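I opened the model to look up a few things about the chain and some of its residues. These are my notes, in the order I made them.

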Amino acid sequence: MTTAPIEPPQRLVSSLSGDPSGPVREWLTALPTLVQQRLDAWQLTLERVQTPGGRSSLLALVRQPDGTPAALKLPVPGRVPAQEGAALEAWDGFGAARLLRADEASGALLLERLQGAVSLRSLPEAKALLEAAGTVRRLWVPAAAGHPFETLAGRTDEAVRALRAAGTLTRSADPLVEQAAELRRALPDGCDEQFLLHGAFRQGKVLAGERAPWLAVGPAPVVGERAFDLAALVLDRFEDLMAGSGAGAAARRRVARLADSLEVDRDRLRDWTLYRAVDTGVREVAAGSRQQGELLLEFAAWL
């Protein structure tokens, strides 16, 4: 056990500084105590808090009582899906980091430690895309009866409202926003697939491991069709496509190549990609990253 001071990373503090909700502020204030409570309860030795870390959780590198390395994750209340642990438990280490322990009260997760500094983004683009496709395929397991996860259909109204609200800052993109909103309404009813999806899959969420070369982390689990997950992979490193000649044709080829390699319908993948590009683009603009957001909207228009 440790007696060293535990300080939340500055990136996490900054990302929460504008949150007006009392529970989030209270959680941030209590975070050092919450970490210490988990260290004591699970008899963990703190090595260090991961920095710069993420914007929606604290991650600490720890040792278990037998000396085995692990990672302790404490998520911000209400900022990440509460079912991350349930998804990791369902995958049981197949394609994803293994869940070692969970505490329902605090949301704390004790995870298999991976090489946080080495993600698929460290590989050349073509190789990274190949490895990412192989990894996400492993995660697509049929959802069990009575599963606890949200569904894509269940998120529809909320997703459309959020898209239109963010889109008010990009009036020039109104036709794209409306097209994306209509796709989001229609797509869940057009496919009866019920797979457990990562929900936030991208190359940066796939880290090097000891037990397997590449394992996924940080799911935002949802149940639905595989094309939703794959759409995020189409968008990964889209800047590389846009920097080359014939970028529009290259984007459409990427859709076709990924759809065919993973046996997903091309048109549905194209539609989910357009929706996710517009959704992410307007959110980037709303968050102040106008250039990045407008590039994503341009990418969506090519599809």
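The entries below go from the whole chain to single residues.

**Ground rules.** I am working with a predicted model, in which local features need pLDDT of at least 70 and side-chain atom pairs count only at pLDDT 80 or more, while totals for chains, interfaces and linings use all residues. Residues are numbered from 1 along each chain as its sequence is written, and side-chain values use heavy atoms, with hydrogens and water left out.

**Whole chain.** I looked up the secondary structure and found eleven helices and eleven strands. Helices (H or I, at least four residues) and strands (E, at least two) are DSSP runs, numbered from the N terminus. Next I checked the radius of gyration, which is taken over C-alpha atoms; the globule rule is 2.2 Å times the number of residues to the power 0.38. For 303 residues a compact globule would be near 19 Å, and the chain has 20 Å, so the two agree. The C-alpha atoms fill a box of roughly 55 × 40 × 40 Å along the principal axes.

I noted that 50% of the 303 residues are buried. Buried means under 20% relative accessible area, exposed over 50%, and partly exposed in between (1.4 Å probe, protein chains only). I also looked at contacts, meaning heavy atoms within 4.5 Å. Among those between residues at least 6 apart in sequence, 69% join residues at least 24 apart.

**Helix α3.** Which residues of α3 (residues 84-91) are buried? I found Glu84, Gly85, Ala87, Leu88 and Trp91. The buried residues of α3 pack against several elements, including β3 (69-75), β4 (99-102) and α4 (125-139).

Most residues other than glycine have a negative phi, and most peptide bonds are trans. I looked for exceptions. Asp92 sits in the loop between α3 and β4, and it counts as exposed because its relative accessibility is 51%. Glu263 also has a positive phi, near 55°. Glu263 lies in the loop between α9 (247-261) and α10 (266-286); its relative accessibility is 65%, so it is exposed.

**A cis bond.** I found a cis peptide bond between Thr51 and Pro52, with omega of about 0°. Pro52 is in the loop between β1 (45-49) and β2 (57-63).

**Two arginines.** Is Arg226 buried or exposed? Arg226 is buried, because its relative accessible area is 15%. Arg226 belongs to helix α7, and beyond its neighbours within four places in sequence, its contacts include Trp140, Phe195 and Glu263. Arg237 is in the loop between α7 (226-235) and α8 (238-242). Arg237 counts as buried because its relative accessibility is 11%. Leaving aside neighbours within four places in sequence, I listed contacts of Arg237, among them Leu120, Glu125 and Arg254.

Thr29 is in helix α2 (residues 22-41) and counts as exposed at 66% relative accessibility. Thr29 and Val13 are 16 residues apart in sequence, and their C-alpha atoms are 9.9 Å apart. Ala162 is in helix α5 (residues 156-167) and is partly exposed at 27%. Ala162 and Val282 are 120 residues apart along the chain, yet their C-alpha atoms are separated by 9.8 Å.
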